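Student: I've just opened this one and I'd like a quick tour. Can you take my questions as they come?

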Amino acid sequence: MVNPMIDRDLTRLEIANRLFFRLYQCANMLHKTGTRAVEKEGLTTQQWAVLGALSRKEAEGGMNVGDLANYLKVSRQNLSGLIGRMERDGHIELAADTHDRRAKRVSMTQNGRHVWEKEAQPKIRAYYESALVDFSTGDLTHTLHYLLKLLDNMEKIDQAAGMEAESVE
């Protein structure tokens, strides 16, 4: 006799495996095709994300490097190399944080704002339209809802791992 609980758990595991593999493929395709969309502006999808984060109203005066890393869900080490390249290219600038002298504040330069608003944004909008063709507004809303739920759960996993690592030290 087949145990329905075991069968249900196997089905759920198989679907979860397919879901996470598709997310992995989507992330890779976003990097590949998204970078292609903005490469003439000298940007990659990672740089696009940094400029997007810095262009928000909440980041008008720039962002602390740690806060930017948290917002983008990347390590400070990964962000450090990216920031160095973007500073070299004149898209962003670093300055001492007025609240914490040990911290650095990242802000978009005039050149970076021009590249972001005038050159990259039209291409990003066209990229979104192509990638989301055949998605209704409802589809987009539901997808966003489920991705936010997944992200929230993953953040809980990350926090638990961080607390576990601290207790070992």
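Student: Leaving aside its neighbours within four places in sequence, which residues is Ser107 in contact with?

Tutor: First, a note: this is a predicted model, where local features need pLDDT of at least 70, side-chain atom pairs count only at pLDDT 80 or more, and totals for chains, interfaces and linings use all residues. Residues are numbered from 1 along each chain as its sequence is written, and side-chain values use heavy atoms, with hydrogens and water left out. Contact here means heavy atoms within 4.5 Å. With neighbours within four places in sequence set aside, Ser107 touches Leu54, Gly62, His91, Ile92 and Glu93.

Student: Is Ser107 buried or exposed?

Tutor: Buried means under 20% relative accessible area, exposed over 50%, and partly exposed in between (1.4 Å probe, protein chains only). Ser107 comes out at 18% relative accessibility, so we call Ser107 buried.

Student: Which strand is Ser107 in?

Tutor: Strands are DSSP runs of E, at least two residues, and helices are runs of H or I, at least four, numbered from the N terminus. By that count, Ser107 sits in strand 3.

Student: In what order do the 3 strands form the open sheet?

Tutor: Two strands pair if DSSP finds at least two bridges between them. Strand 2 and strand 3 run antiparallel, joined by 5 bridges. The edge strands, pairing on one side only, are strand 1 (63–64) and strand 2 (92–96). The order is 1-3-2.

Student: And which residue in strand 3 is the bridge partner of Leu94?

Tutor: Strand 3 covers residues 104–108. There, Leu94 is partnered by Val106.
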